[in-house]
Amino acid sequence: MIKISPSVLACDFSRLAEEVQAVQNAGADYIHLDVMDGVFVPNISFGFPVIASLKKHSSMVFDVHLMITKPERYVDRFIDAGADILTIHEESCDCVGETLQAIRARGVRAALCVNPRTPIEKVYPYLDLCDMVLVMTVEAGYGGQKLIPETLDKVRALCAERAARSLSFEIEVDGGINAENAATAVAAGADVLVAGSAVFGAPDRAEAVRRLRGE
Ligand code: DX5
Ligand code: ZN
């Protein structure tokens with residue numbers, strides 16, 4: 001079954017806990033938390049205190065996407081704050097293998113992410129250490145962008161590589177996913193769909209989640 005991970009970047013931050021509760025009630029599987037440092041990406045979102053506060057009000061799986069420089073510096077603090085899945089970018093980490101291992105050593109699912117212009121082959125040396133691979137379908141930094149269709153070729157290649165190596169990590173796609181292109185992303189091999197605007201921008205979140213699942 002396809003999993004849906006709504007990104008809070010598109011929610012009403014003044015009502016964060018209620019917004020997250022609403023998508024949990026709507027049947028979402030994970031909650032996607034985009035952390036941006038204004039250096040690796042040209043935007044700043046939120047950090048540990050927001051995640052730690054929210055954790056007290058939600059039993060959802062916290063899918064934390066770190067768009068920060070040298071994420072290895074902050075693995076422990078994001079895990080302490082409540083990350084259940086912790087995603088680092090290949091482009092911003094100086095020690096990818098060690099960092100994925102450090103995440104797993106804390107009992108948290110480790111995920112590796114690539115931006116649209118990074119070849120998917122860059123993650124191949126680390127696939128044994130990944131519980132999930134996140135393929136960005138827009139340039140990291142902002143919600144509300146349009147999906148770049150060529151990025152789905154990377155999902156197809158990664159899906160084939162996973163089968164060839166008999167691995168079982170999840171494949172997540174992030175950026176510009178909506179009810180119109182979700183089926184194409186799933187056909188390409190995506191298991192987890194991140195969706196910000198398509199869920200939080202919809203008047204009926206349960207319907208939005210169902211439509212993303214193709215129901
Ligand atoms: C972009 C973020 C995404 C974003 C998705 O850098 O990683 O998670 O919030 O938002 P939509 O679904 O609106 O593209
Ligand atoms: Zn994200």
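Tutor: Leave aside residues up to four places away in sequence, and Arg213 touches Met1, Ile2, Ile4, Gly27 and Asp29. Keep in mind that this is a predicted model. Arg213 belongs to helix 8, which covers residues 205-213. Is Arg213 buried or exposed? Its relative accessible area is 16%. The cut-off for buried is under 20%, so Arg213 counts as buried. Now look across to Asn115. The C-alpha atoms of Arg213 and Asn115 are separated by 24 Å, and the two residues are 98 apart along the chain.

Strand 2 spans residues 30-36. Now a general rule. In a regular strand, side chains alternate between the two faces of the sheet. See how that looks in strand 2. Tyr30, His32, Asp34 and Met36 point one way. Ile31, Leu33 and Val35 point the other way. All of these residues are buried.

Step over to the partner. Strand 2 and strand 3 run parallel, joined by seven bridges. One pairing to find: Ile31 has Phe62 in strand 3 as its bridge partner. Between these strands comes helix 2 (residues 48-55), and strand 2, helix 2 and strand 3 make a right-handed β-α-β unit.

Now the metal. Which residues are the protein donors of the zinc ion (ligand 2)? They are His32 through NE2, Asp34 through OD, His65 through ND1 and Asp174 through OD. These donors lie 2.0 to 2.3 Å from the zinc ion. In sequence, the donor residues follow the spacing H-x1-D-x30-H-x108-D. Asp34 lies in strand 2 and His65 in strand 3 (residues 61-67), so this pair ties together parts that are 31 residues apart in sequence. Asp34 is buried, with a relative accessible area of 4%. His65 is buried too, at 0% relative accessibility.

Why is the arrangement around the zinc ion (ligand 2) called octahedral? Six donor atoms surround the ion, and they subtend angles of 68 to 169°, which makes the arrangement octahedral. For six octahedral donors, the ideal angles are 90 or 180 degrees.

Move on along the sheet. Strand 3 and strand 4 pair in the parallel sense over three bridges. Here Val64 has Leu86 in strand 4 as its bridge partner.

How many bridges join strand 4 (residues 85-89) to strand 5? Five, and the two strands run parallel. His89 is paired with Cys113 of strand 5. Stay on Cys113: it also stands opposite Leu134 in strand 6. Strand 5 and strand 6 (residues 132-136) run parallel, joined by four bridges. Strand 5 (residues 109-114) is mostly covered, with five of its six residues buried.

Finish in two loops. Lys70 lies in the loop between strand 3 and helix 3 (75-81). Lys70 is not a glycine, yet its phi is positive, about 50°. At a relative accessible area of 34%, Lys70 is partly exposed. Ser166 lies in the loop between helix 5 (151-164) and strand 7 (170-174). Its phi is also positive, near 50°, in a residue other than glycine. Is Ser166 buried or exposed? At 65% relative accessibility, Ser166 counts as exposed.

Conventions:
Residues are numbered from 1 along each chain as its sequence is written. Chains are lettered from A and ligands numbered from 1 in the order in which they are written. This is a predicted model: local features need pLDDT of at least 70, side-chain atom pairs count only at pLDDT 80 or more; totals for chains, interfaces and linings use all residues. Side-chain values use heavy atoms; hydrogens and water are left out. Donors are N, O and S atoms within 2.8 Å of the metal (3.2 Å for Na, K and Ca); water is not among the atoms, so sites may look incomplete. Four donors count as tetrahedral if all angles lie between 85 and 135 degrees; four count as square planar and six as octahedral if opposite donors are over 155 degrees apart and all others between 65 and 115; anything else is irregular. Buried means under 20% relative accessible area, exposed over 50%, partly exposed in between (1.4 Å probe, protein chains only). Two strands pair if DSSP finds at least two bridges between them. Contact means heavy atoms within 4.5 Å. A crossover is right-handed if, with the strands pointing away from the viewer, the path from the first strand over the helix to the second runs clockwise.
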